[in-house]
Amino acid sequence: MDAKTPPPAQRKRELPKLPQISRRKLLIGIGAGAGLAIGYAVWPRRVPLNLAVREGETLVNAWLKIGANGRIAIAVPQAEMGQGVYTSLPQLLAHELGADWKMISVEPAPLHPVYANRAMAEGMAAEAPGFLQGIVRWAATTMVERYSLQLTGGSTSVAAYWEPLRTAGAAARALLCAAGAKRLGVDVAACDTANGFVVAPGNKKIAFKDLLADIDPDDAPEEPEWRPDGKGPFLGQPMPRLDTPAKVDGSAQFGADVRLPGMIYAAIRGVPHGAKELASAQLPKSARKGGVIGLVTGARWYAVTADTWWAARQALDLVDPDFEPGETMADSLAIEEALDTALHGDDGTIFESSGDIDEGLGAGKRIEADYSVPFLAHACMEPMTATARFESGKVEVWVPTQSATLVVWRVAEALGIAEQDVTVFPTLLGGGFGRKAEVDAAVQAALIARDAGRAVQLIWHREEDMARDMYRPPAKARLRGAVNADKKIGAFDIKIAAPNLGESFMSRNIPALASGGDSAAMLEGALALPYAVPVFRAAHVDVPTPVPLGYWRSVGHSYTAFFCESFVDELAHAAAVDPFEFRLRMMEEGSREAEVLKTAASRGAFSAVSEDHIGRGIAIHKSFGSIVAEVVEVEAPSIEQVTVKRVSCVIDCGRIVNPDIIKAQMESAIIFGLSAALHGQVRFTDGEAEQLNFDTYPLLRLDETPEIDVHIMESDAPPSGVGEPGVPPLAPALVNAIFAATGERLRDLPLYRY
C-alpha cells in the first residue's frame, strides 16, 4: 500500500493532555468541554471539522460526502474487525438518506468530537450510585467529546451511532429535497428520496449528484425528522456487506498489508511478566548478515530490524537479553493460591446488597459451591502489528486499532512530540476482541522507526503474541444460595476474587482513570440477575498479579454468567424443579427476559431428562443491553467424551439493523465461547506463558463445531450490543448440559486442561 493511498484520517489537532487528577474529580468536576454540542447540518463552531474532502466531492454534513459521480462516502468512527460496522452503520444513514446501496462507500472518520463514542460515557455512569448517574453521565460525555475519544468496544457501535447517523441522513435528505423541489418546481413537502434520487409526484426525479451545487445550508432543519418506522429499504434488512468484495479479491488492507517505500521489518520480544526493565541486550556480530540491520531496545522489549521479517525473526533468537527478575514473577500456582486465600478470607467490598443474607440463607434448603476460570488470551488471527514512519519530528502510523485516539495519545507521549504531529491511518483488523484497544505495537513501531531512521513494519510472531498478551483475568467465585418453600431462590450470595482489570488497562492507556482495589466492574453481569431474588449480595476482592490484563470479548460477563447460571442450575436441582421452569417462575410474566427464555427452550427442544447420553443445558444472560438465551445439546457417555451437537441461540437486541450481521455475530460468539470453555487457558511459570501457539491453546476445529441455530426477537427497544452478548451464556449452558447427560457438575474451566 502506498503511503498516500489511505486518507490521513486521524491527524490530531492539539488538545491539552489529560490532567492527572482523581477519577472522581474528572467525572464530576470537569466542565471545560461542555460547549461542544455538535449539530448535524452545520459545522461545530468551536472545533473546525477535519473530514478530508477530495476533488469532486461535496461535503453535505459531518458524516457524508457526495461525489460528482454520485458516490456517497460515509465517515465511520468505529474499527472494522469483522463485526460488520462498515455495513451496519452506513445502513443507518443510507436508510434516512434514501441512497442507492451500490453507490455507498466507507472511510475512517478523523479524530473530532462529533465522532466520539458517547456510549462509553454510559458505561461510566452505570458504575456510579443511582443518585449520581445523571451528573456522572453528563461529565463523562463531556470528557469523551472533549478528548475526541473514538473507541470500538463494549458492543456499543450501533447503540452509540444510531441517533447521529440517522439524524445526519435525515438532515441531508431535507437539504436535497429542498434543492430538488426548486429544480423540479414542486412543493418540498411533496418530495422524498429513493435510490439516490429526489423524487416527486408525476414520476419526476433528479439524482443527488445533480443537486450538489444547489444545496443551501439555510434549508437545514433545526430538528431533522427520521423516517416513520418501517419506511425505507435498508433498516432491518440483510444488506450485502460493503467490506466483502475487497476481502474476496484480496485488495482489503490489513495491518501487515502496508507497504511503504524503503520500508524495513522488525521482530520483537518482551521481558517476562513481573521482571524489571530490560538492562541491556546484545546482538552478536555473527547475526548481522542476511539482511539483518540492527537491534533496538525499549524499557521492556528488544527488537531486531532487517530487510525481511523472517531474517529479523531468526536473528531475534540470537539476542542475549539482560534483565533482573522482579519480586513477584508471574506464576500460576502462586496466583491460584492468592485467589483462594482472598476468596475464603474476610476481605472484599460488597457492591450490591438487599435483605439479610445470613437470615436468607438460613430460611431454606442451602447449597454452596466454588467456581473458577483461568487466564485467557485473545488469539487474534492477525497478531499485533504496526507500521511507522518518523520524519522531521512527525510520525505516521498505519495500525489495526480499536482506538486511534489512544494511539495518538500514547505515541505522542512515547516520542515526546505534540499530538498534532501524530497521524494514524487505521487499517482493517484481523480480529480484535479487545486486544487491539491496546497500543503497545503502535508505540513500539514508532520508537523503532525513529531509531532506524526509516519506515518500519513491526510484526509480532505468534509466540510473542500469546506470551505478551493482555489477558482476560482469572477469577474464582464462592456462591451460596437457598431455595425457599415456594421452590424459588430465596437468597443468592456471590463473592468473586479476581485482579482488577480496569486498573491494569487504564494504567497503560488512560492513567488519569486508573483506580485500584475492589471494583464493581469485576462483578458486571452478577449485580443484577434476571430473576426476582428477595435476598441478594455481591462482593469483589482484588487480587493483584504481575500479569497485564485486558478487555476480552464480553469482559466480566464471560465469567459471571458461568458462575451465576451454572449455580442457578444447581439450585434448580436442589429444588427438584426443571431448570427452565425454575428460571421462568422467577421472571416477570411477559418480560423480555421471559420471552427470550421461552423461545430458546422451544427452539432448543429443551428437556431436563437425559436419554442415550444426550443432555441439554440452558442459560440466559443480559449484557451490553441485549438478552441472550442459549440451549446446548451434548452427547456425553462420560465426562471425558463430550461432543457438542447443537446450540440454539435467541437474542433480543432491540431494533434490528442488519439481521445477517446479528446472526453472524451470534455464531462467532458461540464458537469463540466454546473454544474457551473446552480448551482455553494460559498458565505461567517464572514469568512466561506456557501456552504459546495453537497446539497448546487450540481453537475450535471444524469437526468440533456444532450445528448453530440463531433466532432474533422482534423488538421496539433501542438497539443494543451484538458483538459480545453471545459469549456469556455458552459456558453455563454447556456445563449444565454435561450435568444433564452425566450427572457430574463441572465448576472449573476449561473442560479439557492441558
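Me: Which residues does Glu-324 touch, not counting residues up to four places away in sequence?

Reply: Glu-324 touches Ala-275 and Lys-276 on that count, where contact means heavy atoms within 4.5 Å. Some ground rules: this is a predicted model, where local features need pLDDT of at least 70 and side-chain atom pairs count only at pLDDT 80 or more, while totals for chains, interfaces and linings use all residues. Residues are numbered from 1 along each chain as its sequence is written, and side-chain values use heavy atoms, with hydrogens and water left out.

Me: Why does Glu-324 count as partly exposed?

Reply: Its relative accessibility is 47%, so Glu-324 counts as partly exposed. The cut-offs: buried is under 20% relative accessible area, exposed is over 50%, and partly exposed lies in between (1.4 Å probe, protein chains only).

Me: And why is Ser-715 called buried?

Reply: Ser-715 has a relative accessible area of 15%, so it goes down as buried. Leaving out residues up to four places away in sequence, Ser-715 touches Arg-592, Asp-652, Gly-654 and Arg-655.

Me: What makes a polar contact with the side chain of Ser-715?

Reply: The side chain of Asp-652 does, at 3.5 Å. The term covers a pair of N or O atoms within 3.5 Å; within protein, one must be able to donate a hydrogen and the other to accept it, and residues adjacent in sequence count only if both atoms are side-chain atoms. The Ser-715 side chain also reaches the backbone nitrogen of Ala-717, at 3.1 Å.

Me: Why is the pair of Trp-101 and Phe-234 tilted?

Reply: Their ring centres are 5.5 Å apart and the planes sit at 50°, so tilted is the word. Rings of Phe, Tyr and Trp (its six-membered ring) pair if their centres lie within 6.5 Å; planes under 30 degrees apart count as stacked, over 60 as edge-to-face and the rest as tilted. Trp-101 and Phe-234 are 133 residues apart, and both are buried.

Me: How many aromatic pairs does this rule give?

Reply: The count comes to 19. One of them is Trp-63 with Tyr-115, edge-to-face at 4.9 Å centre to centre and 85° between the planes. Trp-63 and Tyr-115 are both buried.

Me: What sits over the ring of Phe-739?

Reply: The charged end of Arg-745, 3.9 Å from the ring centre. The test is NZ of Lys or CZ of Arg within 6 Å of the ring centre and within 35 degrees of the ring normal. Likewise, the charged end of Lys-205 sits over the Phe-197 ring, 4.5 Å from its centre.

Conventions
Helices (H or I, at least four residues) and strands (E, at least two) are DSSP runs, numbered from the N terminus.
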